Amino acid sequence: MATPASAAEVFDKDGVRLSVDDAVATVTLTNPAKRNAQSPALWRALADAGRSLPGSVRVVVLRGEGKSFSAGLDRQAFTPEGFDGEPSFIDLARGSDEDLDAEIAAYQEAFIWWRRNDIVSIAAVQGHAIGAGFQLALACDLRVVAQDVQFAMRETSLGLVPDLTGTHPLVGLVGYARALEICATGRFVGAEEAERVGLANLAVPVEELDSAVRDLAGAVLAAPHSAVVETKALLRGAVGRSYEEQRVAERAAQARRLRDLAGLSD
């Protein structure tokens with residue numbers, strides 16, 4: 001998706017560019033030469049993007065430059081030298097449990113803000129979305145994929161586990177058994193299957209990806225923002241509630257909306 005001519009660039013650093021055009025922000029992974037491979041510096045930049053969003057933003061689009069959305073973690077992380085100025089993963093493994101937990105929690109900050117109730121996040125995914133790339137797409141509320149998309153969760157084949165917040169949404173979207181099979185085998189999931197099992201909201205030809213995401217963003221923006229915020233919160237909380245608890249939550253949310261529409265809210 002090309003950045004609109006009217007968009008204002010907020011920052012461009014460490015493989016991440018954030019631009020804002022009124023109510024729509026676009027976060028772009030900008031290292032196509034490495035298929036937008038991820039690193040701790042990129043994760044910090046993604047977390048900064050979330051903290052830098054103006055209050056006017058209602059929709060955030062996530063995209064990757066080039067032929068691949070993101071090929072996952074940069075394998076340099078597994079070398080003894082790691083990244084310049086960063087502890088290698090080998091060094092991290094030698095540290096205390098507390099230090100290792102804190103470091104992974106810091107990495108996860110790049111993946112959690114996409115679920116905020118005040119925004120709707122849309123991943124525009126083409127080509128490879130592997131490992132950390134798959135988990136970044138899963139961090140978003142909605143996914144529009146090109147017909148050349150190839151999702152894969154390769155962590156298990158490397159002797160690791162998916163730890164960048166992707167397991168919860170994956171199970172929620174496709175169920176436990178299919179999620180286990182996808183993760184344990186590391187196989188590719190293409191566009192047709194992704195749409196069929198719920199990983200993708202929509203699959204389109206590669207050349208139509210940008211326009212499909214624009215149309216979806218426009219449809220989200222057409223609804224009153226406060227109603228979308230309440231509905232997102234209601235739906236996100238449904239998983240942890242019983243049927244009766246959800247009924248109560250629905251009534252409370254609707255009461256807030258009715259009071260707001262009547263001009264009676266605090």
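1. Helix H9 gives the most to the lining of the largest pocket, with five residues. The model is predicted: local features need pLDDT of at least 70, side-chain atom pairs count only at pLDDT 80 or more, and totals for chains, interfaces and linings use all residues. Residues are numbered from 1 along each chain as its sequence is written, and side-chain values use heavy atoms, with hydrogens and water left out. Helices (H or I, at least four residues) and strands (E, at least two) are DSSP runs, numbered from the N terminus.

2. The largest pocket has a volume of about 730 Å³. Its lining numbers 22 residues; Cys140, Asp141, Lys232, Leu235 and Arg236 are the closest to its centre. H4, strand E7 (142-146), H5 and H9 each give two or more residues to this lining. By class, the lining has eleven nonpolar, six polar and five charged residues. Here Ala, Val, Leu, Ile, Met, Phe, Trp, Tyr, Cys and Pro count as nonpolar, Asp, Glu, Lys and Arg as charged, and the others, Gly among them, as polar.

3. On terms: the search runs on a 1 Å grid over the protein atoms alone; a pocket is an open set of points with protein on both sides within 12 Å along at least five of seven lines, a cavity is a set where a 1.4 Å probe fits but cannot get out, and lining residues have an atom within 4 Å of a point. Points are joined across faces, edges and corners, and a volume is the space filled by probe spheres set on them.

4. The second largest pocket has a volume of about 590 Å³. It is lined by 27 residues, and Leu73, Phe78, Phe89, Glu155 and Leu160 lie nearest its centre. Helix H2 (89-94), helix H3 (97-112) and H4 each supply at least two lining residues. The lining divides into 17 nonpolar, three polar and seven charged residues.

5. There is one cavity of 30 Å³ or more. The largest cavity holds about 40 Å³ of space. Its lining is Arg58, Asn117, Asp118, Ile119, Val120, Val220, His225, Val228 and Val229. Five lining residues are nonpolar, two polar and two charged.

6. Which residues of helix H6 (residues 176-185) are buried? They are Ala179, Ile182 and Cys183. Buried means under 20% relative accessible area, exposed over 50%, partly exposed in between (1.4 Å probe, protein chains only). Seen down the axis of H6, the buried residues fall within an arc of 90°, so they line one face of the helix. The arc is that of the directions from the helix axis to the C-beta atoms. Their cover includes helix H4 (132-139) and helix H5 (167-174). Gly186 follows H6, with a positive phi near 70°.

7. The structure holds zero disulfides (pairs of cysteine sulfur atoms within 2.5 Å). The sulfur of Cys140 has its closest cysteine sulfur in Cys183, 18 Å away, too far for a bond. Cys140 is buried at 4% relative accessibility, and Cys183 is buried at 12%.

8. Gln76 lies in the loop between strand E4 (59-64) and H2. It is partly exposed, with a relative accessible area of 30%. Gln76 touches Lys34, Gly82 and Phe83 (contact: heavy atoms within 4.5 Å), not counting residues up to four places away in sequence. Gln76 and Gln38 are 38 residues apart in sequence and 9.9 Å apart in space, C-alpha to C-alpha.
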